[in-house]
Structure formats: structure tokens, C-alpha cells
Amino acid sequence: MPNLRFYGGGDDIHYAKETEVLICGPRGTGKSIAVLHKVYLMLSMFPNARALILRKTRKSLTSSTIPTFENTILDPGPLKDFLLKSGGSHGYRQRYVFPHGASLELGSMQDVDSFKSADYDMIVIEEAESIQNEADYLTLIPCLRNSRMVLNKDAQGCGVPPRHFHQIICCCNPGSPNHWLNRRANTDAMRRIRSHIRDNPRHWDYEKDAYTDVGEQYYSTFNHFPPYMKKRYLDGEWVAAEGIVYPDFDESIHVIPKVPEGVKIQRTIAAVDWGHAHPTSILVIGKGSDDKFYVLDEYYGAGKTVDELAKVCRDFQNRYQVEVFVCDAANKGNIDFFNKSGIPSTTTDKRVEFGISLVTQRLSQSKIHFLDKIKPRDTGLSGAQGLLDEFSLYCYKTNKNGQQTDTVEKTNDDALDALRYGIVYLDSADNEMIWSIF
Ligand SMILES: Nc1ncnc2c1ncn2[C@@H]1O[C@H](COP(=O)(O)OP(=O)(O)OP(=O)(O)O)[C@@H](O)[C@H]1O
Ligand SMILES: [Mg+2]
């Protein structure tokens, strides 16, 4: 094994025995390499042990975890050759199998359901801050039952019962303080280990007690990031995004598994924001008998023709009895095509501030919920992966002094624009009814 040394949080994680551990800190502080190293050591020691590494998307696994494991953790030699021969080619690698039967499996959080019935000794979740829903994480904990890693191995045979080691490690950069991971790590359920810039010997020179050239260059790239991102990426602090458009969104309140018992969906519309290079977003929104709105389903994808989008809409029509598609007025041609194809389509008030105020009102009063089936999945796109991702990314512009303006950034707003159209349409329809009574 290459002669790696670990410091601070990277060292602590090697000795951590708790079942649930969070390692979090600034970017590039050696969290991933330390955790991969621990997993590798543990698997090397215990025959038939099983570990699973999950990342947000399959793409990020291929571009990040696999190269770190193969190029930094594994020493060139027969074991590396053996491991590389097992479990598929680089791009589609599913696992590494050790000669003594231990295995390291690789997967993406989008396929989390497929791991639920398996048995593991260790599970690692990379980029864990991207998991919107604590329930997805909790479904993995019962999988820690493979019982092949034993802490008191030397005492075996002396009548001492085995102490099995099972562990789930979440690696992340800090996000919003409301994030479920931050809250969980504030309880006894999960130990928090912090990593620091000085934990990475590539970035920090201990003798000089200063950045290395590589470190200085790396961290100077964050100089022009917004202040909240610098606090997260450089200081490792859990801080809310300044200038975020919907700070009231809280996934622990707004994302729910299903429409509550006893609530009937009284009407269903769909809201459409057109895109081609950018994603097109289609949200199915139901109005419940409790006067709350429920986002029941979502399509989020780029590069589709209007004909292909019409197919998606027809499917939504059949499944949810969508009464009307409320579309971004910017593409009249698509709207005409939809109407001619039997997809009833209309437009609504597009004023941005007005729409944002209606969405904010519903969020702050918990009068809108999102079914967790729309949680972000691998769209193959490089940015946000869906509506729930956009909530943490959609911001107001800042001026050259770094102060927030009243203008929104026209990025990470595809699904949120659709949401705005849907809510403006439904809320205005209600208001018209109220006005007509008076
Ligand atoms: N102890 C170490 N010894 C040698 N190289 C290290 C060590 N720690 C980190 N590095 C190197 O520094 C780089 C960043 O490390 P790593 O990806 O593990 O950081 P990270 O904290 O997981 O980053 P991110 O926050 O972006 O996920 C990698 O190239 C890694 O190989
Ligand atoms: Mg990492």
C-alpha cells in the first residue's frame, strides 16, 4: 500500500468505532481518501466482509471514487492486478473482489432501493449532503448486518463473545444548517468528525505551517465564490446560502412520503417550463382537500423534442387525470402543438416577484409538499438534478460589492419556474373564485 499518512479528521476516522459517523469539512481536506483507506484496510483484514460505497451519481463514482481508490490507495502489484480483474471494466465497475472473498461494491444513491436487501459490514456515502431525504439514509442502516468484521478477533476461542463492527460513514461538505445530516450529527445517533485544511499534506506544509503551493493555488480558486460558499468550502461551516430565493424550504418539513391519509386530491394540473439545452421541467401538482398543494410527480430532462415532451405529458394525463398544462408563455409554438395534440395547455402570469411571493407564502405556511418520489435522480445533467436540488441553488444576483440584489440568477430555476407557474395558476384560480363571491 502506498505510504499514506493521515492527520486530524483523516486520522480520527480510522479509529472511529461508532455505527454512524459523519466526516465533514472544507473541500479537499482528504475526507474521501481517508475513508476509502479505512474501508480498504478493514476489507483486507476480514474474509468475506462486504462494504458499499455510494455516491450521488454513477458518473461521479467513475470520475472520482474509482480513480482515487485505484491510483492512490492501491499499491501497484499482484493484489491491485487481482482487484482490477474483478467486478467489471473501469466505467461500469460494480465491485472489487479480494482473494479472501471480501468485496467492495460501488453504487449510486439513485439506485439506493436496490441495496436495501443486502448485508454489509461498512457503508460509505460520499457527497452525503446531496441526499435530500433522511429516510433514504435510514433505509441503509438495517443493511449493516454482515457481521464479518470482528473487533476483538484476538479474544476468539477464549469464550469471549465476538464484538462485531458495523459502520456507516457519511462524507460531506457542509451545507445549510437545517440539513438533516447536520441535525442528526447534533444528536447521539451520529458522531461528527471534522476535517480541516491542514489535514491534507498536499495542501498544508507542517514545517512551514502554511499552505503548500498546490494548496494555495487550490484554495485561491474559491476567492470569487459568494461568502456563504467560502464559509462552507474554506471554513467548513454549516451556513445558509445568502441570497437564496426560497430559504423557507426545509426538506424535513416539505418533503413527505405520500399524500396524508384522509386528504383527497381534488384537482390536478401540470406546470411546464420549456428547455432544450437546459432541462424542461414538468411538475404534476395536486390540490388537496386540506387546501394544500402536493407536487406529485416530476419530469426533468434536456434535449427532448416537443413530440417527446408531448408523450411525457400524455403519460401524466393518463396517470393523474391532469386537467390542464400551465406552460411558460415563451414558447407559443410548443403550446399550440400541445393543444393540437390533445394536451390542453394554457399560460399564466409570469411576473417573477409575484410568483416567488406566492411560492414563499405556501412554503412558510407549510401549505405545499413534495412527494419524495421526485427526489433527485441521475439525469445525466451536470447541474441540478431536479426540483428539490434547485431549492438549494436558486439565488439572487449579487452586485460587484458582493451585496444581494433583487434580481434572480437565471440558473438553477427550471423546475422552480415551473413550480411558480403552477402555484400562480392554482392560487389565482382560487382568488378569482373568492373575488367573484364578493
Ligand atoms: N493524507 C493524504 N495523503 C496524500 N494525499 C492526500 C491526503 N489527503 C488528501 N490527499 C489528496 O488531496 C486531494 C483531495 O483529497 P480528497 O478528495 O480525499 O478530499 P475531500 O475532502 O474528500 O474533498 P471534497 O471535499 O472535494 O470531497 C486528493 O488528490 C488526495 O489524493
Ligand atoms: Mg470527497
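Predicted model: local features only at pLDDT ≥ 70, side-chain atom pairs only at ≥ 80, totals over all residues.
Local features here need pLDDT of at least 70 and side-chain atom pairs count only at pLDDT 80 or more, while totals for chains, interfaces and linings use all residues. Residues are numbered from 1 along each chain as its sequence is written, with chains lettered from A and ligands numbered from 1 in the order in which they are written.

**View 1. Strands β11 and β12 form an antiparallel pair.** Residues 265-273 make up β11 and residues 280-288 make up β12, with eight bridges between them. (Strands are DSSP runs of E, at least two residues, and helices runs of H or I, at least four, numbered from the N terminus; two strands pair if DSSP finds at least two bridges between them.) Look for Arg-267, which sits opposite Lys-287 in β12. Six residues carry the hairpin that joins β11 to β12.

**View 2. β11 also pairs with β14, this time in the parallel sense.** Three bridges link β11 to β14, residues 325-327. Here Ala-271 faces Val-326 of β14.

**View 3. Helices α2 and α3 cross at roughly 70 degrees.** The axes of α2 (residues 31-45) and α3 (residues 58-73) come within 10 Å; axes are lines fitted to C-alpha atoms over the stretch in contact, with angles from 0 to 180 degrees between N-to-C directions. That angle makes α2 roughly perpendicular to α3, a label covering 65 to 115 degrees. At the contact (C-beta atoms, placed from the backbone, within 7 Å), Ser-32, Ile-33, Leu-36, His-37 and Tyr-40 of α2 meet Thr-68, Phe-69, Thr-72 and Ile-73 of α3.

Note on methods. Parallel < 35°, antiparallel > 145°, perpendicular 65-115°, else oblique. Contact = placed C-beta atoms within 7 Å.
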